[in-house]
Amino acid sequence: MSYRLKMKIAPWCFIAPFFIVFLIFAVYPVIYSVILSFGTYKGGQVSLSGLRNYSFLLSDKSFFQAILNTFKIGLIQVPVMIFLAIFLACLMNSRLIKGKGFFRMAIFIPVLIDAVSYSVIFSLLFNDKGFINSMIARMGLIPQSWYTNAGLATMMIVIAQTWKWTGYNMIIILSGLQNIPGELYEAAAIDGAGRIQQFFRITIPLLRNMILMVLVTSVNGAVQMFTEPNIITHGGPTGSTTTVMFYLYNMGFKNFNFGIACAGSYVVVAIVVLLTIVQLQAGKEKD
Amino acid sequence: MKMKNKTRLASFICYCLLAVCVVLTLFPYLWTFLAATHTNSQVFNFEYSFKLGSNLIQNYYDLLEALPIWNNLFSSLFVAAVYTVLILLIDSMAGYGFSQYQFKGRDTLFIVILAAMMIPVQVLMVPLYIQFSKMNMVDSWWGIILSGLPGAFGVFLMRQAMLSFPRDLVESARIDGAGEARNFFTIVLPNMKPALTSLGILSFVNQWGNYYVPLVLLNTTEKYTVPVAISLLAQPNFDINYGALMLGACMAVLPIMVFFLIFQKNFIDGMMAGAIKG
């Protein structure tokens, strides 16, 4: 075999295993589900039905409710978590703290637990007779019924998600902080910039890309949230914590409305793509 | 002197804040481990929140009665381990192909693969379910493994790592008559240990916690992975004592914890690398 021919074939041989898997388990299902989103699935066959699935979804109140719920949870959870993560990362980066390895590990530890186990644990902690209510009672306040109040059920999911993911985001932001050269702060201090000014003029601008990345992944995670509502609240009370993914799971694998589930998942993809573009545009450097 | 006192106060406040965070992150773990030793009523008894119970053995038998938990642990381990090995192999090969060769359409193809990352796997579950039922692979571990393989993140990570590998080394081995496959396995791959470790850890942990895909694909209790099995116990109509449920959660967490303690440093580095997606 000539050298040139070999160099032509070799890369394709290396890429082939991944590429074949990619074609069969990513490209083909994407095409299939686009077609299925315009039809219904019966007896192993797809029969086309035009835009019926999409018009069903657009007129289905509970689908809108699910999108609204997802946004509600995300709009509270993501900002709270990112502020917390930035705050903690700055604390951890401070010269005043010793034993950083220990703190870093301890705050990172919630990332390790799988989504189901932590959801089960939180559902018991928030039980009417559970630890959180006992604590509230001890402090002389009135224990709450977390599962029957829509607002509290949403809060419960926000708290659980924040517990699990803050440490992860903190680690990423911390890695960004460690890349900012210390001389910048020294120079700023000589020029008379205070701590707060340094934070907003140096830290935040130089962390821009890190924060943007954390934001995009957190927003995508929030849009795709399924496990917490499925296990902690079962979507309730009265559908107030039913997220889009929870709705689509029930539509597809409880009611076996495959066509509608596919159409709905493309609505989700559209939302994910749109939100990502908006965030990337907003985060672009102005100059 | 005044300055020094001020610094001391500041560092004291920092420590206090961090201590609060550490308590908040560790407490649910501690509570879970303790609850695994409690009876049903002790789980919800505040007095016992910080005390060891004596019901661990009974909880274990209750858990075994409700679930074939050792089968479930084996399923999780099998799926996560096979998935990780396959990911390491095919992604490093693809990363090599994309980084060390020039060919027509290379960059376009790479961008297409990266763009596919925007589509979450949940979105593809309906077509994958139909596809696997036609291939007779519903209720099989292979469905879970295969559906996770097209993720482009590993290809991206391996390509990045290999871009900085000196091409001269590969080139001179070529002149010495080494074949392409031999180059890859004996020269390049052994130098990719950090990237491979990161990718391996990340893949294993993600697959261990995978819930949606096995929930859709599996329907035999013996084959369930641990998360699916535990979610079964947490169904509202399922009657189980909560101590046993918490013991189940412990058994889901412990393997990852052990894994974490062994690879601690690589672990956090891997997560950091994992964060830097496209």
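Student: How many residues of domain 1 of chain A are in contact with domain 2 of chain A?

Tutor: In this predicted model, six residues of domain 1 of chain A are in contact with six residues of domain 2 of chain A. A pair counts as a contact because its C-beta atoms, placed from the backbone, lie within 7 Å.

Student: Which elements give two or more residues to the side of domain 1 that touches domain 2 in chain A?

Tutor: These are H1 and strand E1 (39-42) of chain A. The largest share, three residues, comes from E1(A). By class, this side of domain 1 has two nonpolar, four polar and no charged residues.

Student: Why is chain A described as more spread out than a compact globule?

Tutor: Chain A contains 13 helices and two strands. For its 287 residues the globule rule gives 19 Å, whereas the radius of gyration is 24 Å; the value is well over the rule, so chain A is more spread out than a compact globule. Along its principal axes, the C-alpha trace of chain A spans about 75 × 70 × 35 Å. Of the 287 residues in chain A, 39% are buried.

Student: What makes up the contact between chain A and chain B?

Tutor: The contact takes 69 residues from chain A and 69 residues from chain B. On the side of chain A, helix H1 (residues 3-36) gives the largest share, 17 residues. The residues of that side divide into 51 nonpolar, 14 polar and four charged. As for confidence, the model scores ipTM 0.88 and pTM 0.90.

Student: What makes helix H6 of chain B count as largely enclosed?

Tutor: A residue is buried if 20 or more other C-beta atoms lie within 10 Å of its own. Eight of the 10 residues of H6(B) (residues 125-134) are buried, so this helix is largely enclosed by the rest of the structure. Among these buried residues are B:Met125, B:Leu128, B:Tyr129 and B:Phe132. Their cover includes H1, E1, helix H12 (244-254) and H13 of chain A, together with helix H7 (141-148) and helix H12 (212-217) of chain B. H6(B) is followed by B:Asn136, whose phi is positive, near 65°.

Student: Why is helix H8 of chain A called hardly covered?

Tutor: Helix H8 (residues 182-190) of chain A has nine residues, and the count of buried residues among them is zero. After H8(A) comes A:Gly192, with a positive phi near 90°.

Student: How do you know whether A:Ala270 is buried or exposed?

Tutor: A:Ala270 has 10 C-beta neighbours inside 10 Å, so A:Ala270 counts as exposed. This residue lies in helix H13 (residues 258-283) of chain A. A:Ala270 and A:Gly182 are 88 residues apart in sequence and 42 Å apart in space, C-alpha to C-alpha.

Student: Where is A:Phe256 found, and why does A:Phe256 count as exposed?

Tutor: A:Phe256 is found in the loop between H12 and H13 of chain A. Its phi is positive, about 55°, although A:Phe256 is not a glycine. A:Phe256 has 11 C-beta neighbours inside 10 Å and therefore counts as exposed.

Definitions and conventions: Residues numbered from 1 in each chain as written. Chains lettered and ligands numbered in written order. Predicted model: local features only at pLDDT ≥ 70, side-chain atom pairs only at ≥ 80, totals over all residues. Contact = placed C-beta atoms within 7 Å. Helix = DSSP H or I, 4+ residues; strand = E, 2+ residues; numbered from the N terminus. Nonpolar A, V, L, I, M, F, W, Y, C, P; charged D, E, K, R; others polar. Rg over C-alpha atoms; globule rule 2.2 N^0.38 Å. Buried ≥ 20, exposed ≤ 12 C-beta atoms within 10 Å, placed from the backbone.
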